[in-house]
Amino acid sequence: HGIIWVFTPILIMAGVPLSIVSGAWALNSIACIVGTKLASKLVVKLKDWQILALPVGLMICSMTTLSIKINLWTVWTYILMGVVQGWTGATLMTLVQEHTQPEEQTSVVSLAKVVGQIIYIPAVFLTGWAADYDLHYAPLMTMVLFVPISLRVIFALKRE
């Protein structure tokens, strides 16, 4: 979610007219809904590791593209991040609960939310810091922060 803070500058750098920027935000919100709907239909057909691998793959596609080139053609790959946000919002907490003993679920879910908030602060700071040097570095920083952790979890789920 930290990459959301540089969405407007990315749109402006790509050449999206300021009058259309709010429309792009609306499209991103619609993409979140699409991600949620896709998750509700596909999650029953996927293994646990695939439930996480799919949004990570979409994030890598979007963020790699925007790390290389930001223009009117590539900026629309950011919509994949909306799909990722909707998908993960609908699936990740369920995965945590499925892999946690019933008597520990409340504590684990609470801890996950606290850790998520603790990670969010430096993630937004580092994404903004990277963008201060060059806006192309913000998507790259997002991948540096989240891909290694995500891959570790995906491989752990795959081993189960």
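Helix H1 passes helix H2 in a right-handed crossing, where right-handed means that the near helix is turned clockwise from the far one by less than a right angle. The contact (heavy atoms within 4.5 Å) is made by Phe7, Thr8, Leu11 and Ile12 of H1 and by Leu18, Val21, Ala24, Trp25 and Asn28 of H2. These residues divide into seven nonpolar, two polar and no charged; Ala, Val, Leu, Ile, Met, Phe, Trp, Tyr, Cys and Pro count as nonpolar, Asp, Glu, Lys and Arg as charged, and the others, Gly among them, as polar.

This is a predicted model, in which local features need pLDDT of at least 70, side-chain atom pairs count only at pLDDT 80 or more, and totals for chains, interfaces and linings use all residues. Residues are numbered from 1 along each chain as its sequence is written, and side-chain values use heavy atoms, without hydrogens and water.

The predictor's confidence in each residue, pLDDT, runs from 0 to 100. Its mean for the protein is 92, and 99% of the residues reach 70 or more.

Two packed helices are described by the angle between their axes and the distance between the axes. Axes are lines fitted to C-alpha atoms over the stretch in contact, and angles run from 0 to 180 degrees between N-to-C directions. Helices are DSSP runs (H or I, at least four residues), numbered from the N terminus.

| Pair | Angle | Axes |
|---|---|---|
| H1 (residues 7-14) and H2 (residues 18-42) | about 130° | 10 Å apart |
| H4 (residues 79-98) and H5 (residues 105-133) | roughly 140° | within 9 Å |

H4 is therefore oblique to H5; angles under 35 degrees count as roughly parallel, over 145 as roughly antiparallel, 65 to 115 as roughly perpendicular and the rest as oblique. H4 passes H5 in a right-handed crossing.

Terms used: Helix = DSSP H or I, 4+ residues; strand = E, 2+ residues; numbered from the N terminus.
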